[in-house]
Amino acid sequence: MNLKEKIILFFATGAGLGNLPRVPGTFGTLAGIPFAIGFSYLNRGYAVFSIVTLIAFACWISDQAEIIINEKDPGRIVIDEIAGYAVAMSGIPISVYSLAAGFFIFRFFDILKPFPVRNFEKRFKGGAGVVLDDIVAGLLSFIVLRIIF
């Protein structure tokens, strides 16, 4: 494996968290917490730009990682959970309670994949297929969190 592939897998696996033997998506979501906190300090325009950039980067990295790993949507790719959790927490006042609620609500939608989450997973191929279902899970989580907070 060359250096470029190692760098791609580093980002795709959330600095290696996706390589852990159990519940990589949960660890990937935990890796999203610093992003959510960091984005909360930005004004709305910069926060939206940053999240859209993260989503685009996650799609590209996931696409490249699928090629390297030679597997469709491997569980060790967790940058999609990082981006999805960032979407879930966007505009939500940050506290220990909101971070925890966001974590559990996002994991609920990401694991169960209710309509329309699963639809996005099936409709798109490559990196977009890996990431967009998590973005939709993040949007559903955001709606629930807005109601709560």
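Let's start with a term: a residue is called buried when its relative accessible area is under 20%, exposed when that value is over 50%, and partly exposed in between, using a 1.4 Å probe and the protein chains only. E5 is partly exposed, with a relative accessible area of 27%. E5 is found in helix α1; helices here are DSSP runs of H or I with at least four residues, strands are runs of E with at least two, and both are numbered from the N terminus. From E5 to G18 you move 13 residues in sequence and 15 Å in space, C-alpha to C-alpha.

Before going on, a word about what you're looking at. This is a predicted model, where local features need pLDDT of at least 70, side-chain atom pairs count only at pLDDT 80 or more, and totals for chains, interfaces and linings use all residues. Residues are numbered from 1 along each chain as its sequence is written, and side-chain values use heavy atoms, with hydrogens and water left out.

Now for the inside. In soluble globular proteins, nonpolar side chains tend to be buried together. A nonpolar core, as used here, is a set of buried Ala, Val, Leu, Ile, Met, Phe, Trp, Tyr and Cys residues joined through side-chain atoms within 4.5 Å. The largest one has 22 residues, and those touching the most other members are L54, I55, A65, I77, A83, V131 and I135. Helices α1 (3-12), α4, α5 and α8 each supply at least two residues of this core, with α4 giving the most, 8 residues. There's also a second, separate core of 15 residues, and it includes L99, A101, V117 and A137.

Leaving aside residues up to four places away in sequence, I77 touches A12, S62, A65, E66, I69 and V130, where contact means heavy atoms within 4.5 Å.

Where is there empty space? Rolling a probe the size of a water molecule over the atoms shows where empty space is left. The search uses a 1 Å grid over the protein atoms alone: a cavity is a set of points where a 1.4 Å probe fits but cannot get out, while a pocket is an open set with protein on both sides within 12 Å along at least five of seven lines, and lining residues have an atom within 4 Å of a point. Grid points are joined across faces, edges and corners, and a volume is the space filled by probe spheres set on the points. The largest pocket holds about 400 Å³ of space. It is lined by 18 residues, and the closest to its centre are A47, V48, I51, S90 and G91. At least two lining residues come from each of α3 (33-40), α4 (44-69), α5 (79-89) and α8 (126-148), and α4 gives the most, with 5 residues. The lining divides into 13 nonpolar, 3 polar and 2 charged residues; here Ala, Val, Leu, Ile, Met, Phe, Trp, Tyr, Cys and Pro count as nonpolar, Asp, Glu, Lys and Arg as charged, and the others, Gly among them, as polar.

Next stop: is D110 buried or exposed? D110 counts as buried, because its relative accessibility is 5%. This residue is found in helix α6 (residues 96-112). Its side chain makes a polar contact of 2.6 Å with that of R107. Such a contact is a pair of N or O atoms within 3.5 Å; within protein, one must be able to donate a hydrogen and the other to accept it, and residues adjacent in sequence count only if both atoms are side-chain atoms. Not counting residues up to four places away in sequence, D110 also touches E81, D133, D134 and A137.

The backbone has a few things to spot too. F115 and P116 are joined by a cis peptide bond, with omega about 5°, and P116 sits in the loop between α6 and α7 (117-123). In the loop between α4 and α5 you'll find N70, whose phi is near 60°, a positive value in a residue other than glycine. N70 counts as exposed, at 70% relative accessibility. D73 is in the loop between α4 and α5, with a positive phi near 45°, and is partly exposed at 24%.

Finally, K125 lies in the loop between α7 and α8 and counts as exposed at 65% relative accessibility. K125 and K72 are 53 residues apart along the chain, yet their C-alpha atoms are separated by 8.7 Å.
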